[in-house]
Amino acid sequence: MKKIDVCLTPELLHQYDLEHKIVVVVDILRATSCMVSGLANGVKEIVPVSTLEDCKALQDSGYLAAAERNGSKADGFDMGNSPFEYMDEKVKGKKVAVTTTNGTLAIHKSLSAKEILIGAFLNLKALTDYLKNKEEDIIVLCAGWKGKFNLEDTLFAGALCHHLKNDFEFACDAPLAAEAMYLTAKNDIMKYMKDSSHAKRLAKLDVVKDIEFCIQESIYDVIPYLSGKSLLSKK
């Protein structure tokens with residue numbers, strides 16, 4: 001039977017064989033939530049890059065540039081890492097270059113996969129419906145925080161595993177644990193997450209509204225996927 005697995009941090013990704021598999025990259029707070037929001041709201045394409053220098057080079061060539069480090073907008077760029085910035089009229093029809101502390105790095109570490117998709121609570125149903133019909137094994141890659149485990153990405157991984165458990169076998173204990181966390185939290189994810197390190201970090205930056213937005217389930221039906229160097233939408 002086809003399998004689904006969860007990699008709890010990119011630092012563990014070397015233990016996984018990505019060839020012939022689908023990788024779902026997730027960075028709930030906030031990179032992948034921004035990517036889903038942007039493509040759902042008219043962004044033409046998103047180019048994820050690892051460094052501020054690469055992002056600045058694309059900005060100089062005409063891209064809108066979104067850059068975040070340690071939760072805050074990097075100096076000299078057009079946008080930070082809030083999903084609300086990706087809903088602004090100025091982004092419609094535009095190409096956006098983006099670099100973040102964790103999410104874009106996780107994408108670049110997944111390049112040997114057969115297919116790379118972007119996951120968020122915001123597109124959970126669309127992603128679930130698409131993956132049910134795939135024959136490849138799936139690895140959910142949690143971006144984490146600077147190489148460490150984080151709560152919110154694992155909660156999403158658990159949600160996706162839960163919704164796919166009738167179609168995919170859990171590959172090991174990580175999907176089982178992630179699902180158990182999600183089932184414990186699902187009736188009030190905001191309350192469950194309030195003591196998490198990144199929720200506290202963002203609360204200090206006065207972006208609680210971003211957290212509340214990013215944990216909404218299935219409000220968009222877009223599925224960002226990596227095509228060459230760009231993220232495009234399957235819908």
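These legends accompany close-up views of a predicted model.

**View 1. V207 sits in a loop between two helices.** The loop links α8 (197-204) to α9 (208-214). V207 has a relative accessible area of 17%. That is under 20%, so V207 counts as buried. Beyond its neighbours within four places in sequence, V207 is in contact with R30 and L202. G71 is 136 residues away from V207 in sequence. In space, the two are 9.7 Å apart, C-alpha to C-alpha.

**View 2. The largest nonpolar core has 75 residues.** Six of them touch the most other members: V24, I46, L131, I138, F156 and L160. Helix α5 (residues 151-164) supplies the largest share of this core, eight residues. A second core stands separate and has 10 residues. V47, C55, Y63 and A65 are among them.

**View 3. I138 and its contacts.** Neighbours within four places in sequence are left aside here.

**View 4. Strands β10 and β11 form a hairpin.** β10 covers residues 224-227, and β11 covers residues 230-233. The two strands run antiparallel and are joined by four bridges. S227 stands opposite S230 in β11. Two residues lie between the strands. In the turn, G228 has a positive phi of about 65°.

Notes: Residues are numbered from 1 along each chain as its sequence is written. This is a predicted model: local features need pLDDT of at least 70, side-chain atom pairs count only at pLDDT 80 or more; totals for chains, interfaces and linings use all residues. Side-chain values use heavy atoms; hydrogens and water are left out. Buried means under 20% relative accessible area, exposed over 50%, partly exposed in between (1.4 Å probe, protein chains only). Contact means heavy atoms within 4.5 Å. A nonpolar core is a set of buried Ala, Val, Leu, Ile, Met, Phe, Trp, Tyr and Cys residues joined through side-chain atoms within 4.5 Å. Two strands pair if DSSP finds at least two bridges between them.
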